Amino acid sequence: MPALTLALLGAEGAAAPTFPVLSALILLPALGAALCAVLPKNRPDTVRQVAFLAAAATGVLSLWVMYHFDRSDAGFQFLEQKIWVRDFGIGWHLGVDGISLFLVVLTGLLFPLTIVAVTPEHEPKPYYAWLLLLQAGCMGVFVGLDLFAFFVFFEVVLVPMYFLIAGWGHGDSSKVALKFFLYTMLGSALMLVGILSLVTLHARASGGPVTFDLVTLAENQVLATTTARWIFLSFAAAFAIKVPLFPVHTWLPDAHTEAPTAGSVILAGVMLKLGTYGFIRFGLYLFPEATTYFAPLFLTLGVIGIIYGAIAATMQRDLKRLVAYSSVAHLGFIILGTFALNRQGLSGGILQMVNHGLSTGALFLLVGMIYERRHTRLISELNGLQKAAPILAGIFTVVMLSSIGLPGLNGFVGEYLTLLGAFASARWWGVVATAGVILAALYLLWAYQRVFHGAAQGAANEELAEINWREGLALAPLLAGIVFLGVYPKPMLNRIEPAVERLVAHLDANLGDDFVEVQGPAVERRGAEDLVHLAEEAEASAEAGGGHGDGAAGTEHEDGEG
Amino acid sequence: MMATLLAQAADVGAAVEIPSVDWWGLAPVLLLAVPAMILLHVSSLVPRFFRGFYATVTIGVALVTASWSLGLWGRVTDAERGPFSTVGGAYGVDGFSVFLTLVICASVVLAALLADGYLRREGLEGAEPYALMLLSASGGVIMASANDLIVLFLGLEILSLAVYVLAAMHVRRITSQEAGMKYFVLGAFSSAFFLYGVAMIYGATGSTSMLDIADFLATTVLARNGLLLAGIALLLVGLGFKVAAVPFHAWTPDVYQGSPSPMVAYMASGVKAAGFAGLLRVLLLAFPTQGDIWRDIVAILACATIVGGTVAAVVQTDVKRMMAYSSISHAGFILVGVQAATARGTSAALFYLAAYTFMVGGTFGVITLVGRRGDDHHDLSDYRGLARSRPVLAVVFALFLMAQAGVPPTSGFFAKFGVMSAAVEGGAYWLAIVAMVASVIGAFVYLRLIVTMFGAAEGDDAHAGAAGGEAEADDAEAVSATTAAASPERAGSAAIAALALAAAVTVVVGLVPSLVSDPSGEAVPVLVHPTPGRQLASP
């Protein structure tokens with residue numbers, strides 16, 4: 001069976017560019033899931049290998065897409081367009097551009113790593129099947145260019161995640177899973193009405209046939225302003241819940257905390273991005289005017305999320321819950337960058353999506369490893385782990401610092417760009433959000449200090465097992481990514497940027513006169529050269545700030561010991 | 001002859017004339033009704049030939065009818081020949097009636113497959129349930145093809161009377177008797193409403209033929225339309241009862257809970273399809289000009305039905321009652337398609353009926369199996385740990401429940417999508433939003449059942465033990481007790497076939513919806529005046 005998957009992989013790797021690679025990205029894990037489901041129950045190792053191979057093959061395929069991605073092309077690449085349901089104007093339209101490219105790669109890589117790092121406690125067969133189905137669904141959301149296909153995948157991902165949380169979670173997991181499912185479904189229910197309204201009204205206004213095609217809908221803006229605003233709000237409801245934005249975030253801490261480690265990693269690493277990605281691809285692109293009109297609202301909610309998430313994280317007693325709340329804060333930054341509606345902000349937001357996937361994914365993996373060893377996540381019961389497991393502590397430090405946004409690590413570049421974007425177009429929101437950076441240092445360093453520093457009390461803390469090679473293998477690529485993107489984000493920015501530029505141009509082209517009113521006179525747009533320059537600036541300050549950061553950490557260290 | 005009666009009913013005012021009868025078009029009714037009667041007689045004269053003989057015959061009859069209807073489908077969708085009406089315009093054969101005939105046949109096949117094992121298990125085997133099911137199906141086909149209110153009433157009564165008996169089929173269960181009685185009394189009452197409505201419409205328009213009513217209303221403006229409004233309202237009550245629309249739904253939970261489970265599968269699919277067939281035909285064919293009046297009423301009914309059904313389902317602990325309320329809310333979704341009063345809306349409603357037939361057939365198939373001997377293990381706790389004792393059954397049930405919740409990629413998703421699309425197209429945004437929010441509440445109902453099946457036994461040992469009639473402290477024992485409590489009988493091959501068929505259709509239609517959406521798009525009801533040349537002169 002593994003050989004078959006390998007053969008498949010080989011065939012795909014060698015294929016011509018006309019090969020429907022994006023469909024393969026969706027179908028490969030789906031087939032893997034089907035394979036896992038039919039394999040005999042008494043051979044968990046085979047199931048595991050098949051699952052890993054399917055997920056890894058998808059990952060390799062996503063890298064292949066990244067490699068062949070033409071960075072001078074701002075539009076969608078690897079396009080596939082087929083008719084799905086002619087009657088309704090539904091198509092199977094797939095494509096990637098700079099905005100979705102790295103999310104595809106993130107989805108491709110995070111799943112196999114999770115499979116390597118975490119073994120389910122029971123029933124591996126359905127576990128891996130659900131996980132692979134989840135990968136297929138997430139891929140579908142990121143590459144779908146047909147509103148209908150997008151919606152289907154957006155809904156489909158709920159089912160495997162629901163079963164993963166309910167079946168392999170901790171504590172009161174079935175209730176939490178239910179909460180997660182219903183919360184998200186409520187959002188998508190409203191979005192479905194929005195999609196149908198958009199499609200119907202668009203067809204009526206443009207006189208053309210009914211189509212769900214994103215590009216067609218976005219490039220011909222025919223809706224009345226008020227109508228478009230209402231429909232945007234229905235989309236925004238779905239995305240806001242998925243992100244999650246401040247008032248509708250309450251499902252997230254529960255779901256993250258009770259989910260199994262793999263679930264938390266995927267939830268934070270990939271699934272939260274479905275919301276922020278949705279805002280960019282389906283909010284901004286489809287409704288430029290409405291997005292601009294409502295930008296202050298979402299900026300405010302984003303900033304509230306940053307501050308609220310940080311404060312809530314500070315007060316958590318449970319390490320996993322703390323990381324969960326830190327996600328609320330980080331996603332706030334992404335929203336801030338997105339709704340800054342300029343190049344820096346959007347590029348920073350997209351970069352930060354990937355960064356958050358790497359660092360929070362790694363944090364959840366690490367917390368999961370600690371939990372596997374100690375069977376507790378309470379900060380008060382963990383102490384002095386550094387002595388027993390220095391490598392674990394070291395990795396934790398790097399990941400944590402990346403999450404804080406320390407220069408030299410990936411988090412800094414993204415956060416810096418989002419704040420830069422915010423300062424350019426939404427200054428006061430930027431000012432408040434900057435405080436969140438400090439708060440992030442507060443809650444993470446404080447938690448680190450309590451968990452890892454000091455003298456270990458109790459045998460369990462003293463004799464904590466060091467990470468094993470398998471766990472190290474899973475963490476290594478994430479660490480490499482964290483450092484690489486922190487030091488040299490240019491290749492990534494180079495690919496993101498043309499698409500962002502195109503989006504901003506689309507925004508400008510479709511705005512009425514009231515845009516200036518909303519945005520104020522402080523709108524500042526930098527050229528492509530400036531942005532590359534910015535990235536280099538970031539690198540330079542990263543190098544300069546690296547030592548400083550270490551120093552700060554050192555100080556904390558001493559404080560902890562003293 | 002029935003044909004003569006029909007003709008008389010159609011042209012009450014005119015001199016009695018013998019209309020031409022197109023036996024090819026009328027064949028589906030006869031193909032269902034005649035074997036049913038033969039089956040009744042043969043079974044009383046000779047012993048059955050082999051185990052499952054009656055079920056085999058029933059399925060064969062349904063399949064023959066279905067293939068005949070496929071032939072008719074070719075004829076009515078043919079550009080040159082097209083739909084036609086017969087028996088003096090009282091009986092119309094169009095895409096709509098043929099499509100629903102196929103749906104009703106499918107529901108008969110599913111119910112017969114389920115009934116086979118069930119009746120043997122309960123010691124009730126005989127030809128009567130099958131014969132009644134076929135008779136009632138023939139009534140449903142008449143409803144789907146009626147071009148005359150009297151013919152519609154005839155179909156309604158043939159359908160209903162057989163189903164009343166089916167509800168009371170389980171002679172040893174008092175709840176089954178109760179269900180039959182309740183269904184009969186309330187159903188007869190609603191038939192009276194319907195008939196009274198027909199009388200009023202006759203008073204207002206001077207005809208019971210949908211052709212004449214539509215013509216009359218298209219050319220005449222009534223100075224005082226009180227009689228017509230009352231007539232439409234009464235028709236809506238009568239048909240609303242059959243499709244279980246709130247507030248005419250009160251019988252549904254009791255009847256569904258009490259009736260034998262395979263019969264409920266038929267009631268929820270075939271009977272519901274026939275009820276909607278009647279509703280759609282009356283509203284779209286007889287009263288297309290009165291859309292302003294009935295569209296709002298149907299929209300409010302749809303809203304009340306969706307919300308009422310969903311909310312009531314949340315508080316149920318009996319799975320059959322839960323599914324009864326869920327079927328009420330599904331009726332509400334179909335009404336959303338009806339209220340649009342467009343080709344898209346009708347097509348969406350038909351798609352919904354076709355998809356729902358298989359979903360609900362499968363659902364009650366699982367319920368039949370879990371119900372075990374005596375058909376009374378329907379509490380939520382009977383499903384606890386089903387995933388452990390019968391994993392495949394649990395997965396299949398989860399599939400049907402997810403489909404009912406409208407999760408892609410299942411047929412249920414496209415069904416909801418279609419009716420929502422029709423509602424939005426018709427500008428009924430409020431209804432679409434209410435319906436979608438209600439569908440989230442509905443998802444809670446289905447997920448709760450799924451959670452129970454797949455749920456961890458650890459946290460609920462005490463409860464599970466209590467349900468199994470045993471109390472243990474030990475975890476392992478508790479699990480085994482749970483398993484024992486939730487272990488249904490082994491499914492017979494017929495039941496397996498039914499579940500596999502239903503599951504396959506649910507998934508395949510979910511992936512390739514055009515398999516059903518293309519035909520349903522063509523299956524819009526039309527009125528065809530009888531061809532004068534083919535009409536025989538009156539004697």
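Visitor: How many helices and strands are there in chain B?

Guide: In this predicted model, chain B holds 22 helices and two strands, while the secondary structure of chain A comes to 24 helices and two strands.

Visitor: What makes α2(B) roughly antiparallel to α5(B)?

Guide: Helix α2 (residues 23-45) of chain B and helix α5 (residues 128-145) of chain B pack at an angle of about 160°, and their axes are 8 Å apart. Angles over 145 degrees count as roughly antiparallel, and therefore α2(B) is described as roughly antiparallel to α5(B). As for handedness, α2(B) passes α5(B) in a left-handed crossing.

Visitor: Which residues in α2(B) meet which residues in α5(B)?

Guide: From α2(B) come B:P28, B:V29, B:L32, B:A33, B:P35, B:A36, B:L39 and B:L40, and these meet B:Y130, B:A131, B:L134, B:L135, B:A137, B:S138, B:V141 and B:I142 in α5(B). By class, the residues of this contact of α2(B) with α5(B) divide into 15 nonpolar, one polar and no charged.

Visitor: What makes β1(A) and β2(A) a pair of strands?

Guide: Strands pair if at least two bridges are found between them, and six bridges join strand β1 (residues 77-85) of chain A to β2(A), so the two count as paired, and they run antiparallel.

Visitor: Where does chain A touch chain B, and how many residues does the contact take from each?

Guide: The contact takes 22 residues from chain A and 26 residues from chain B. On the side of chain A that touches chain B, α6 (147-156), α7 (158-168) and α8 (173-206) each supply at least two residues, and α8(A) gives the most, with 13 residues. By class, that side of chain A has 15 nonpolar, four polar and three charged residues.

How values were computed: Residues are numbered from 1 along each chain as its sequence is written. Chains are lettered from A and ligands numbered from 1 in the order in which they are written. This is a predicted model: local features need pLDDT of at least 70, side-chain atom pairs count only at pLDDT 80 or more; totals for chains, interfaces and linings use all residues. Helices (H or I, at least four residues) and strands (E, at least two) are DSSP runs, numbered from the N terminus. Two residues are in contact if their C-beta atoms, placed from the backbone, lie within 7 Å. Ala, Val, Leu, Ile, Met, Phe, Trp, Tyr, Cys and Pro count as nonpolar, Asp, Glu, Lys and Arg as charged, and the others, Gly among them, as polar. Axes are lines fitted to C-alpha atoms, for helices over the stretch in contact, and angles run from 0 to 180 degrees between N-to-C directions. Angles under 35 degrees count as roughly parallel, over 145 as roughly antiparallel, 65 to 115 as roughly perpendicular and the rest as oblique. A crossing is left-handed if the near helix is turned anticlockwise from the far one by less than a right angle, and right-handed if clockwise.
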